[in-house]
Amino acid sequence: MTDTQTPEDRGTLARRTVLAAGGIALTAAGAGTALATGASAQEGGPKQGAPKPGAPEDTCYTLTSELVEGPYYIDADKIRRDVTEDQEGVPLALRLKVIDADTCEPVRNAAVDIWHCNATGVYSGYEDMGSGGGGGGPTGPPPTDAPTGTPTGGPPPGGGGGHQEPTDDERYLRGTWRTDRHGEVTFRTVFPGWYQGRCVHIHVKVHVDGTWTDAGYEGGHACHTGQLFFDEASVLLSAEVEPYASNSTTRVTLDEDSIYPDNGHAGGLLYLEYDRRHFARGVHGRLTLEVATDETHDG
């Protein structure tokens with residue numbers, strides 16, 4: 001039986017250098033080996049990426065929503081498509097296509113970053129934060145006095161939050177790769193887990209106008225910062241598989257999440273493909289990111 005999913009800002013980056021690291025190549029065909037035979041995505045309604053009915057002639061696509069970067073971004077230092085390292089979890093082949101919303105053409109040679117927590121809700125580089133962006137809730141009795149003064153600092157790391165400095169040198173489930181002539185890039189990772197205050201998601205950035213060198217990607221600017229989301233059915237299936245099943249953190253659903261813009265695929269909701277009876281074998285996710293290449297969106 002096959003399960004299918006139905007539709008539902010920092011200034012210009014002055015210089016960005018990433019160090020090359022080996023990665024395991026993953027092709028679309030290779031990704032399919034993790035999926036049950038015959039699995040397919042049947043998309044209902046107008047296909048994502050199709051022209052909007054009644055749109056002006058110079059507008060071909062709906063821009064993908066710009067969302068908060070979050071506190072756990074690390075300027076990429078891993079040029080690779082396989083970001084799994086030694087992390088356990090359901091295999092996820094993630095295929096993203098980047099297109100220019102003005103010209104409707106694929107954006108080739110863009111640098112695409114992804115980063116997300118592991119199956120138990122922990123981000124590499126921030127393991128001291130634990131699952132939930134801060135190592136748990138407050139301890140001791142709640143305060144009884146009325147608050148005084150003006151609050152300082154940013155929002156809690158579990159939500160939108162300002163950038164947090166890394167606490168360690170781990171970099172699993174993070175990587176950068178270049179789009180091909182079709183504007184496509186495929187990553188091999190694992191289905192993300194969840195942590196305090198957020199639904200299951202993957203962070204993504206698209207960098208353009210930079211230069212690929214032997215050292216990686218230099219210069220340019222981020223034209224898109226967003227997040228990718230998973231439908232509730234797939235997350236519930238993941239919760240039945242270890243190590244997700246051992247995650248005792250209260251999970252926020254997609255509908256409850258404060259960051260998901262509730263606009264379906266334009267907001268980052270992935271098209272997913274998997275065998276419901278054998279979810280642990282793997283999931284294939286895909287989405288087209290419609291971006292404004294002449295704009296800067298650092299989240």
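The second largest cavity is lined by C199, V200, F230, E232, V235, R251, V252, T253 and L254. The model is predicted, with local features needing pLDDT of at least 70 and side-chain atom pairs 80 or more, while totals for chains, interfaces and linings use all residues. Numbering runs from 1 along each chain as its sequence is written, and side-chain values use heavy atoms, leaving out hydrogens and water.

Now for the rings. The structure holds 10 aromatic pairs, meaning Phe, Tyr or Trp rings (six-membered ring for Trp) with centres within 6.5 Å; planes under 30 degrees apart are stacked, over 60 edge-to-face, and the rest tilted. Y72 and Y126 make a tilted pair, 4.8 Å centre to centre with 50° between the planes. These two sit 54 residues apart in the chain. Y72 is buried at 3% relative accessible area, and Y126 is buried at 1% (buried means under 20%, with a 1.4 Å probe and protein chains only).

F191 and F279 pair edge-to-face, at 5.5 Å and 75°, and bridge parts of the chain 88 residues apart. Both are buried. Ring pairs also tie F191, F230, Y244, Y274 and F279 into a cluster, and F230 turns up in the cavity lining too.

Definitions and conventions. On a 1 Å grid over the protein atoms alone, a cavity is a set of points where a 1.4 Å probe fits but cannot get out, and a pocket is an open set with protein on both sides within 12 Å along at least five of seven lines; lining residues have an atom within 4 Å of a point. Helices (H or I, at least four residues) and strands (E, at least two) are DSSP runs, numbered from the N terminus. Buried means under 20% relative accessible area, exposed over 50%, partly exposed in between (1.4 Å probe, protein chains only).
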